[in-house]
Amino acid sequence: MGPFDRGLLLLYSLATSVFWGAFLLALLGWRPVLDAAAVVFAPERREIVFAGLAILIVAGLRLIYASVKPGRRHDKVALIEENSLGQVQVALGAIENLVTRVVSAFPGIREVRPRVVTVPEGVVIQVRLVTTPGLKIPEVSQEIQRQVKETVREVTGIAVQNVRVLVDNITAVKPRVE
């Protein structure tokens with residue numbers, strides 16, 4: 001969700017909260033709210049009320065669309081080099097695929113979910129893993145960090161500032177039944 005949609009969500013939430021708060025006060029019989037409602041919903045102001053409701057409906061539909069549309073995370077890139085001929089960039093999705101390939105080669109790694117974030121000095125990589133029970137996590141984690149950092153630097157030329165390894169789960173390998 002971009003800044004426009006977040007601002008729209010803030011205004012929509014405030015407007016909706018004020019409306020429902022006033023509605024509750026009107027149900028409780030608070031006289032100033034009832035008098036204000038009589039003035040706002042007077043027949044001569046019908047077009048203004050319809051316009052306001054239309055704006056709220058369109059804003060609500062826009063927020064629904066923004067919440068269900070797929071993200072564009074893989075459009076983000078890391079800048080490798082800028083020279084007189086132009087820029088060289090690598091998509092973060094490409095770096096994530098490279099990290100997945102490097103980490104999947106380790107024995108005992110069942111699942112890999114990398115996440116790459118750009119920082120001014122290069123990239124930070126977080127690797128979430130599912131491992132088998134016999135794995136020595138501290139030793140393998142250090143080797144994963146070293147190999148990911150070296151491979152990303154060699155292949156892309158991007159400086160890796162940090163590699164974080166998070167073991168999400170340790171699962172047993174179940175034999176296949178054929």
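Helix H5 (residues 137-156) lies across strands E3, E4 and E5, and runs at about 140 degrees to E5. Contact here means heavy atoms within 4.5 Å. Angles run from 0 to 180 degrees between N-to-C directions, and axes are lines fitted to C-alpha atoms, for helices over the stretch in contact. Helices (H or I, at least four residues) and strands (E, at least two) are DSSP runs numbered from the N terminus. The model is predicted: local features need pLDDT of at least 70, side-chain atom pairs count only at pLDDT 80 or more, and totals for chains, interfaces and linings use all residues. Residues are numbered from 1 along each chain as its sequence is written, and side-chain values use heavy atoms, with hydrogens and water left out.

**Sheet**

- Three strands form an open sheet in the order E3-E4-E5, with mixed pairing; two strands pair if DSSP finds at least two bridges between them.
- The edge positions are taken by E3 (109-119) and E5, each of which pairs on one side only.
- On average, and with direction ignored, neighbouring strands of this sheet are turned by 15 degrees against each other.

**Strand pairings**

- Ten bridges pair E3 with E4 in the antiparallel sense, and the two strands form a hairpin with two residues between them.
- Within this pairing, Val119 stands opposite Gly122 of E4, and Thr118 has Val123 of E4 as its bridge partner.
- E4 (residues 122-131) and E5 (residues 160-170) run parallel and are joined by nine bridges.
- Val123 also has a bridge partner in E5, namely Val160.
- From E4 the chain crosses through H5 to E5, and this β-α-β crossover is right-handed (with the strands pointing away from the viewer, the path from the first strand over the helix to the second runs clockwise).

**Helices H4 and H5**

- Helix H4 (residues 92-104) lies across E3 and E4 and runs at about 145 degrees to E3.
- The axes of H4 and H5 come within 10 Å and cross at roughly 135 degrees.
- The two helices are therefore oblique to each other (angles under 35 degrees count as roughly parallel, over 145 as roughly antiparallel, 65 to 115 as roughly perpendicular and the rest as oblique).
- H4 passes H5 in a right-handed crossing; a crossing is right-handed if the near helix is turned clockwise from the far one by less than a right angle, and left-handed if anticlockwise.
- H4 contributes Ile95, Leu98, Val99, Val102 and Val103 to the contact, while H5 contributes Ile144, Gln147, Val148, Thr151, Val152, Val155 and Thr156.
- By class, this contact of H4 with H5 has nine nonpolar, three polar and no charged residues (Ala, Val, Leu, Ile, Met, Phe, Trp, Tyr, Cys and Pro count as nonpolar, Asp, Glu, Lys and Arg as charged, and the others, Gly among them, as polar).

**Helices H1 and H3**

- Helix H1 (residues 3-27) packs with helix H3 (residues 46-68) at an angle of about 130 degrees, and their axes are 10 Å apart.
- That angle makes H1 oblique to H3, and H1 passes H3 in a left-handed crossing.
- The contact involves Phe4, Asp5, Leu8, Leu9, Tyr12 and Ala15 of H1, together with Leu56, Ala59, Gly60, Arg62, Leu63 and Ala66 of H3.
- Nine nonpolar, one polar and two charged residues make up the contact of H1 with H3.
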